[in-house]
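Me: I have a model open in my viewer and would like to learn how to read its features one by one. Could you walk me through it?

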Amino acid sequence: MAYVLFAEDDETLRTGLEAALSSEGYETCGCKDGNEALSAFAQRRPDLLILDVMMPGKSGFDVCVEVRRSDPTVPIIFLTAKTSEADVVIGLGLGADDFIPKPFRIRELLARVSAALRRGQLAATTAPSDVFTIGSARIDARRFLVSTGEPPDQPLTVRELGLLKEFAAHPGEVLSRDTLLDEVWGMDYAGGTRTLDQHIVQVRRKLGPSGNLIETIRGVGYRFRVPQLR
């Protein structure tokens with residue numbers, strides 16, 4: 001049974017989330033603010049973390065930052081009424097896996113929760129020898145780290161690692177946005193492509209100079225351009 005920790009300061013919405021998640025068989029812990037969520041996280045690591053962005057005290061962004069310092073792999077979903085491009089970029093840059101704008105449909109939320117949990121379970125079974133390269137960047141899939149030769153190593157989220165694995169498995173191929181969403185987020189993912197595009201931005205940044213090998217194919221998706229040997 002998956003354990004889902006969520007933080008939402010609106011009591012009515014928090015009660016609704018508790019009922020919806022419990023109806024799907026998840027073990028839950030609902031918190032009213034960021035400080036309470038961090039305390040609950042310290043007591044027991046969840047399989048998934050759902051955070052409202054705007055909360056009294058520590059915001060969802062604040063909680064995400066503190067969680068990522070010790071745990072780069074636990075899936076994190078933001079619930080937010082803040083849906084501007086800048087807010088999405090900030091959240092994904094902090095290490096979130098997904099954004100769900102308010103108001104949302106419960107079935108959509110549950111579909112995204114299910115997809116995030118599956119990806120987290122797959123990441124947990126990554127083989128210790130799973131090390132590969134993108135250009136000159138070295139990706140350690142067991143430790144969720146990318147090394148560019150310049151310290152420090154950059155931590156990877158589950159989604160970022162999933163994208164890099166897809167590119168490494170299909171060098172030179174054009175991968176559509178739908179294909180990447182299906183493979184990395186899950187076939188029942190109900191969100192749009194903006195989340196994917198912002199994850200690509202973060203992946204390129206963490207790859208350093210090799211980030212330019214992830215090419216945008218306008219109107220289609222992305223391609224890992226294999227560097228030519230000289």
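Me: What should I know about the model before I start?

Reply: This is a predicted model, so local features need pLDDT of at least 70 and side-chain atom pairs count only at pLDDT 80 or more, while totals for chains, interfaces and linings use all residues. Residues are numbered from 1 along each chain as its sequence is written, and side-chain values use heavy atoms, with hydrogens and water left out.

Me: Which strand does β7 pair with over 4 bridges, and in which sense?

Reply: First the terms: helices (H or I, at least four residues) and strands (E, at least two) are DSSP runs numbered from the N terminus, and two strands pair if DSSP finds at least two bridges between them. Here β7 (residues 137-140) runs antiparallel to β6 (residues 131-134), with 4 bridges joining them. Strand β7 also pairs with β8 (residues 145-147), again in the antiparallel sense, over 3 bridges.

Me: Where does isoleucine 139 stand relative to β8?

Reply: Isoleucine 139 is opposite valine 146 in β8. Isoleucine 139 is also the bridge partner, in β7, of phenylalanine 132.

Me: How many residues lie between the strands in the β6 and β7 hairpin?

Reply: That hairpin has 2 residues between its strands, and glycine 135 in the turn has a positive phi of about 65°. The hairpin of β7 and β8 has 4 residues between the strands.

Me: What is the phi of phenylalanine 144?

Reply: The general idea is that most residues other than glycine have a negative phi, and most peptide bonds are trans. Phenylalanine 144 has a positive phi of about 55° although it is not a glycine. Its place is in the loop between β7 and β8. Phenylalanine 144 is buried, with a relative accessible area of 5%; buried means under 20%, exposed over 50%, and partly exposed in between (1.4 Å probe, protein chains only).

Me: Which residues does the cis peptide bond with omega of about 0° join?

Reply: That bond joins proline 151 and proline 152, and proline 152 sits in the loop between β8 and β9. Another cis peptide bond, with omega of about -10°, joins lysine 102 and proline 103. Proline 103 is found in the loop between β5 and α5 (106-124).

Me: How many salt bridges does a search of the whole structure find?

Reply: Side chains of opposite charge can pair when their charged atoms come close. The criterion is a side-chain nitrogen of Lys or Arg within 4 Å of a carboxyl oxygen of Asp or Glu, and the search finds 17 salt bridges. One of them links arginine 45 and aspartate 71, with the closest N and O atoms 2.5 Å apart. Arginine 45 lies in the loop between α2 (34-43) and β3 (48-52) and aspartate 71 in the loop between α3 (60-70) and β4 (76-80), so the pair ties together parts that are 26 residues apart in sequence.

Me: Are the two partners, arginine 45 and aspartate 71, buried or partly exposed?

Reply: Arginine 45 is partly exposed at 42% relative accessible area, whereas aspartate 71 is buried at 8%.

Me: What other salt bridges can I look up?

Reply: Arginine 68 and aspartate 97 meet in a salt bridge (3.4 Å, N to O). Arginine 68 lies in helix α3 and aspartate 97 in the loop between α4 (85-93) and β5 (98-101), so this pair ties together parts that are 29 residues apart in sequence. Both arginine 68 and aspartate 97 are buried. There is also a network of salt bridges linking Glu8, Asp52 and Lys102.

Me: Which residues does phenylalanine 41 touch?

Reply: Contact means heavy atoms within 4.5 Å. Not counting residues up to four places away in sequence, phenylalanine 41 touches Leu5, Pro46, Leu49, Val67, Ser70, Asp71 and Val74. Phenylalanine 41 is in helix α2 and is buried, with a relative accessible area of 12%.

Me: What lines the second largest pocket?

Reply: On a 1 Å grid over the protein atoms alone, a pocket is an open set of points with protein on both sides within 12 Å along at least five of seven lines, and lining residues have an atom within 4 Å of a point. Among the lining residues of this pocket are Arg68, Gly95, Gln154 and Lys206.

Conventions: On a 1 Å grid over the protein atoms alone, a cavity is a set of points where a 1.4 Å probe fits but cannot get out, and a pocket is an open set with protein on both sides within 12 Å along at least five of seven lines; lining residues have an atom within 4 Å of a point.
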